[in-house]
Amino acid sequence: MSSTSGRLDDAFRAIGSSSFAEFLSAHAPEMLPNAGGANVSQLDITHGTTIVAATFDGGVVMAGDRRATMGNVIAQRDIQKVFGTDEFSCVGIAGTAGIAVEMTRLFQVELEHYEKIEGTTLSTDGKANRLAALIRGNLGMAMQGLAVVPLFAAYDVDQRIGRIFAFDVTGNKNEERTFHSVGSGSTFARGSLKKLYRPGMTESEAVTAVIQALYDAADDDTATGGPDLTRRIFPLVSVITADGYRAWDEQQTAAIADEVIGGRMRRPDGPVASLTEEGDLS
């Protein structure tokens, strides 16, 4: 073992924790996402918008629109907002994009570091707790307008179900049993899913439901990007099952998005939810 590795091992033992974030806080706090000041105009900051997640029979799906805004300007049309964080979990980001991406990367390293130090993976609840701690560490920046509010989804290998966790800027977490959405278009997306979601959906049905929800969010929220037919930019979709995390193929997503758009051509407000029986998602 090199002398550098020995010093790092001694440093990790000194803090008495398997948390990589705590190690950085003690030895290199300037590398944390919340380091530095917030003396910038809100008009100069890129924000991510709407993320949607829903459980289905055998796992959980998460999708995000592709638009990032800077004030009243579209800053990016094809931003990535959903990231795999380990084999059985993912995070969708909403809020201040730069800090959110840094926090997600730190969370990815945090989970990998824990597994290497402890020789086992964190439980699903443990992962959610670690993410909550990172969000709480950003509270000072959030109070200055640089908030990050991610959505966390995972397949629980012990319970054999998909799980969804939502957070506020203080790091308080709440488990959502069926579906949830965060970001500027979340109110409209959740309203859509209230009508479209039903227990026992297949993976394909769940993906269709979240794409419908993102379409409804974009229909009413200017910061949420709808499907871009000219540029062929569609939501990014990720699925987690007992087989692990995987990003949906772009062509698969585009095919469902095209079906959704075709249905909207006939009925702009989307599918009708039956009052007495399960409705059609297409």
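Student: Let's start with Glu110: buried or exposed?
Tutor: Glu110 counts as buried, because its relative accessibility is 2%. Buried means under 20% relative accessible area, exposed means over 50%, and partly exposed is in between (1.4 Å probe, protein chains only). Before we go on, this is a predicted model, where local features need pLDDT of at least 70 and side-chain atom pairs count only at pLDDT 80 or more, while totals for chains, interfaces and linings use all residues. Residues are numbered from 1 along each chain as its sequence is written, and side-chain values use heavy atoms, with hydrogens and water left out.

Student: Thanks. Which side chain does Glu110 meet in a salt bridge?
Tutor: That of Arg130, at 3.0 Å from N to O. A salt bridge here is a side-chain nitrogen of Lys or Arg within 4 Å of a carboxyl oxygen of Asp or Glu. The pair links distant parts of the chain, 20 residues apart, with Glu110 in helix 3 (residues 97-118) and Arg130 in helix 4 (residues 124-137). Helices are DSSP runs (H or I, at least four residues), as are strands (E, at least two), and both are numbered from the N terminus.

Student: And Arg130, buried or exposed?
Tutor: Arg130 is buried, with a relative accessible area of 19%.

Student: How many salt bridges does the structure hold?
Tutor: There are 13. One of them joins Asp65 and Lys81, at 2.5 Å from N to O. Asp65 sits in the loop between strand 3 (59-64) and strand 4 (68-70), and Lys81 in the loop between strand 5 (73-76) and strand 6 (82-86), 16 residues apart. Both Asp65 and Lys81 are buried.

Student: What about Arg231 and Asp228?
Tutor: Their side chains also meet in a salt bridge, 2.8 Å from N to O. Arg231 is partly exposed at 48% relative accessible area, whereas Asp228 counts as buried at 15%. There is a network too: salt bridges with shared partners join Asp125, Asp156, Arg163, Glu175 and Arg177.

Student: Switching topic, how much space lies in the second largest pocket?
Tutor: About 210 Å³. Its lining has 16 residues, and the closest to the pocket centre are Arg67, Gly225, Gly226, Pro227 and Asp228. On a 1 Å grid over the protein atoms alone, a pocket is an open set of points where a 1.4 Å probe fits, with protein on both sides within 12 Å along at least five of seven lines, and lining residues have an atom within 4 Å of a point. The volume is the space filled by probe spheres set on the points.

Student: Which helix gives the most to that lining?
Tutor: Helix 7 (residues 203-220), with three residues.

Student: Now helix 6. Which of its residues are buried?
Tutor: In helix 6 (residues 186-196) they are Ser186, Ala189, Ser192, Leu193 and Leu196. Seen down the helix axis, they fall within an arc of 125 degrees, so they line one face of helix 6. That arc is taken from the directions from the helix axis to the C-beta atoms. The face turned away carries the exposed residues Thr187, Lys194 and Lys195.

Student: What do those buried residues pack against?
Tutor: Strand 2 (51-56), strand 12 (179-182) and helix 7. Take Ser192: leaving aside neighbours within four places in sequence, Ser192 is in contact (heavy atoms within 4.5 Å) with Gln212, Ala213 and Asp216. The C-alpha atoms of Ser192 and Gln212 are separated by 7.5 Å.
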